[in-house]
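Me: I am new to this structure, and I would like to learn how to read its features one at a time. Could you take me through them slowly?

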Amino acid sequence: MRHLNRRQMLGWCVAGAAAAGSLGAAPVLAPQVKEKLDQSEVRARAKRLFGAYRYERMSRPDRTLVYDERGAPVATLTEGARSAVFTGGHRRFAEPASTRAHVDSTSWVRLAPRPWRFGAQSQSWFTGWFAAQPGSTGPDALSLAMQYVTGAPRRVDGDGVAYAGDAGFGPLVGGQRDQQSDFYDYLGVPWTWPDGTTSAPRPQRYRDVDCSGFLRLLWGYRMGLPMVAGARERGVPGLPREAHQIASSDLAVPLFDSGAKAPSGKQLARLQPGDLVFFALHRDPRYLSHAGLVLGEDNQGHLRFVSSRQTIDGPTMGDTGGAARLDGAGYYPRAVRRAVRL
């Protein structure tokens, strides 16, 4: 298997522990309260369906924080987004082959059947899904992302398709790893799009996936968001192919756009685990050429992300070719430009 022998020797770890972590579902800084609902109103509306919860509506971005009867945080639901962050058991994300940093997290990023709109807490499509989420330890966006980093074990489904495991970035072309490897290249299976066309995997890219292909592998193939072949299809919502297209997709809720400069601390404070971040890594300070997924705050106090890179030949949360940080000094903090929530 291409690129795997060298990298499997390096080692990989995602381990759980019983101790509680410092990262919760809320953003890093205390958000501005937009509106607080009367608890009795919430209980009257929701208790019949799935128990009593307290809802607080927040802004920047517009979202709803859910608390249980004891006041403990349960979830963060963002207006217009299908991704939701639940507070759950502690686990640790690490890639010791490429960084000493690790992320201790109590955040679990799930995908709702529909985008959240306040008021859905009284609708059956939401309550049935929501009731099954608190306390669930099934795979989520964060744990799935770590199934492709250095040394991650190969996983095969009932049809013999290796759907997870240590991934490469792309074949060598002119001494550099070439991009253009999509999720179906990694899988080695053809994919039929909503318009009826089919893309065939390219054997020379088997087990390879570039940065946007990695996000499609994760959010589309593994988690079920719809995808389209290129930028977008008329009347068909879907996760598009390239990083800059994903950043402005109909499925994306904007969090910030810092223009041609690095974001401010206040803008970074809006981020939560599972958000997508976009970087301008070429000469044009506005062109979004790279994308990653936020893991959370690491043990060094920095916001850490995971993305597929040329420098390490595949997905990583590590520091090869630049520390995978969003704040402070360094290659990637200087290049961050936009963030969205799916």
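Predicted model: local features only at pLDDT ≥ 70, side-chain atom pairs only at ≥ 80, totals over all residues.

Me: Let me begin with strand 19: how many of its six residues are buried?

Reply: A residue is called buried when its relative accessible area is under 20%. In strand 19, which covers residues 336-341, five of the six residues are buried, so this strand is largely enclosed by the rest of the structure.

Me: Which strands pair with strand 19?

Reply: Strand pairing is read from the bridges. Strand 14 (residues 253-257) runs antiparallel to strand 19 and is joined to it by four bridges, and strand 15 (residues 276-279) also pairs with strand 19 in the antiparallel sense, over four bridges.

Me: Which residues have the most contacts inside the largest nonpolar core?

Reply: A nonpolar core is read as a set of buried residues joined through their side chains. The largest one here has 46 residues, and those with the most contacts inside it include Trp 219, Leu 276 and Phe 278. Helix 6 (211-222) and strand 15 are among the elements that give two or more residues to this core, and helix 6 provides the largest share, five residues. If you select Leu 276 and leave aside its neighbours within four places in sequence, you will find it in contact with residues including Leu 215, Trp 219, Leu 293 and Ala 339.

Me: Where is Gln 121 found, and is Gln 121 buried or exposed?

Reply: For a loop residue, position and accessibility are read together. Gln 121 is found in the loop between strand 7 (102-111) and helix 3 (124-131), yet Gln 121 counts as buried because its relative accessibility is 2%. A polar atom of the Gln 121 side chain lies 2.8 Å from the backbone nitrogen of Gly 119.

Me: Which residues does Pro 237 touch?

Reply: Pro 237 lies in the loop between helix 6 and helix 7 and is partly exposed, with a relative accessible area of 46%. Not counting residues up to four places away in sequence, Pro 237 touches Pro 226 and Leu 251.

Key: Residues numbered from 1 in each chain as written. Heavy atoms only, no water. Buried < 20%, exposed > 50% of the residue type's maximum accessible area, 1.4 Å probe, protein only. Polar contact = N/O pair within 3.5 Å; in protein donor to acceptor, adjacent residues only side chain to side chain. Pairing = 2+ DSSP bridges. Core = buried A, V, L, I, M, F, W, Y, C linked by side-chain atoms within 4.5 Å. Contact = heavy atoms within 4.5 Å.
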